[in-house]
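The following note sets out some points on the fold, for a colleague who wishes to check them against the coordinates. Please read it with the model open alongside.

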Amino acid sequence: MKIIFNKNNSDTNDANTAVALGTFDGVHLGHRRLIYTLKQLKKQQGCSTMVYTFARHPMEVIAPNDAPSILMDMQQRIRIFNSLGIDRLILNEFDLNFSLIEPEKFIDILTNNYNVSYIVVGYNFKFGSKGIGDVHLLEQLSNKKGFELIVVPPVRINGDVVSSSFIRQLISDGRVGYAAKLLGMPYSIDGFVTHGFQRGRTLGFPTVNLKFNSKRVVPAFGVYLTLVDVGQSMMWGVTNVGQNPTFNGKNIHIETYIMNYEGDLYDEKIRLYFIDKIREERKFNDREELKTQINKDVKIAKRCIYNFIQMCYNTKGEIN
């Protein structure tokens, strides 16, 4: 996959291109329907495939105080797009000047720089200054500019429309299992392991404390079953998200007890995949009461692991 960071780069001599437009935060099942459409066009029409998006969410520039928390950082989005087999990924830097571009001018930039034959968008796609461009304007411009427009209808799971905003809400509510179905993978947060208060060690459950990007969506306070990616291996963990009310904490912490692991991960980069919520966060009367509850949490986590593994296999014993 070719990655282009500069919006002024041009590939007009390249083959006819099918391009998908959008923010693509989360690269969820709705986004993947757009990418599937690109790949079908490549198969049927022989065109190359391109995703045109931005390095950061446009709302971070337009209204930073109202910008949504993000589901994925740029590096993770790049890895997923690459795994999905896209030929080119355009990651433009969205700034104030770019936010003022009129819708038709934006399409001019696109068609002048790339040999666009097809544009693929979601049903609610907005573009251009103040978001005044929509699929109806794109339909008009398609005749004028000579490209074919394909509008992908909403993807629904259990009657719910798959969208980044809905997935953010699910995660914020602690419904990480359902969010994973809409994302097509478990929600994850990465960061570096930092020193904490080492209270878990004194309780017999040493934890790793994650220093994470404050712009990320944080799951609802509580205890979760997680998969911990430490680079060379994946291990099961029990993760607490919250403020440590038993110890009158105030800041948000994400700390994980990695089951059956002994070692030092300080300053290592890890990724936590949130599989299921075990319980709400609550305040305990003393350390012993907390230790008893952690023991229960680990037992529940082990049952969840068994259920998760069973879910990953079909009746023939093959991975879905």
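1. A convention comes first: a crossing is called left-handed if the near helix is turned anticlockwise from the far one by less than a right angle, and right-handed if clockwise. Helices (H or I, at least four residues) and strands (E, at least two) are DSSP runs, numbered from the N terminus. The model is a predicted one, in which local features need pLDDT of at least 70 and side-chain atom pairs count only at pLDDT 80 or more, while totals for chains, interfaces and linings use all residues. Residues are numbered from 1 along each chain as its sequence is written, and side-chain values use heavy atoms, with hydrogens and water left out.

2. On the overall picture, the protein chain has 10 helices and 14 strands, and its C-alpha atoms fill a box of roughly 70 × 50 × 35 Å, taken along the principal axes. Of the 320 residues in the protein chain, 48% are buried, where buried means under 20% relative accessible area, exposed over 50%, and partly exposed in between (1.4 Å probe, protein chains only). With contact taken as heavy atoms within 4.5 Å, 71% of the contacts in the protein chain between residues at least 6 apart in sequence join residues at least 24 apart.

3. The pair α7 and α8 deserves a look, and here axes are lines fitted to C-alpha atoms, for helices over the stretch in contact, with angles running from 0 to 180 degrees between N-to-C directions. These two helices pack at an angle of about 155°, with their axes 8 Å apart, and α7 and α8 are therefore roughly antiparallel to each other; angles under 35 degrees count as roughly parallel, over 145 as roughly antiparallel, 65 to 115 as roughly perpendicular and the rest as oblique. The crossing in which α7 passes α8 is left-handed. Phe 166, Ile 167, Leu 170 and Ile 171 of α7 make the contact with Tyr 178, Ala 179, Leu 182 and Leu 183 of α8. By class, the contact of α7 with α8 comprises eight nonpolar, no polar and no charged residues, with Ala, Val, Leu, Ile, Met, Phe, Trp, Tyr, Cys and Pro counted as nonpolar, Asp, Glu, Lys and Arg as charged, and the others, Gly among them, as polar.

4. The other helix pair to inspect is α5 (residues 103-113) with α6 (residues 135-145), which pack at an angle of about 45° with their axes 11 Å apart. That angle makes α5 oblique to α6, and the crossing of α5 and α6 is right-handed. On the α5 side, Pro 103, Glu 104, Ile 107 and Asp 108 meet Leu 137, Leu 138, Leu 141, Lys 144 and Lys 145 in α6. The contact of α5 with α6 has five nonpolar, no polar and four charged residues.

5. A nonpolar core here is a set of buried Ala, Val, Leu, Ile, Met, Phe, Trp, Tyr and Cys residues joined through side-chain atoms within 4.5 Å. The largest one has 29 residues, of which Ile 167, Ile 171, Tyr 187, Ile 270, Leu 272 and Phe 274 touch the most other members. Elements that give two or more residues to this core include α7 (164-172), α8 (176-183), β9 (187-194) and β14 (269-280), and α8 gives the most, with five residues. Apart from this core lies another, of 26 residues, among them Leu 21, Val 61, Phe 98 and Phe 147. Not counting residues up to four places away in sequence, Ile 171 touches Leu 71, Ala 179, Tyr 187, Val 217, Val 218, Pro 219 and Ala 220.

6. Two residues other than glycine have backbone angles to check. Lys 130 has a positive phi of about 60°, sits in the loop between β5 (116-122) and α6, and is exposed, with a relative accessible area of 80%. Asp 267 has a positive phi near 70°, lies in the loop between β13 and β14, and counts as exposed at 59% relative accessibility.

7. Finally, Glu 148 is placed in strand β6 (residues 148-152) and is partly exposed, with a relative accessible area of 42%. Not counting residues up to four places away in sequence, Glu 148 touches Ser 117, Tyr 118 and Ile 119.
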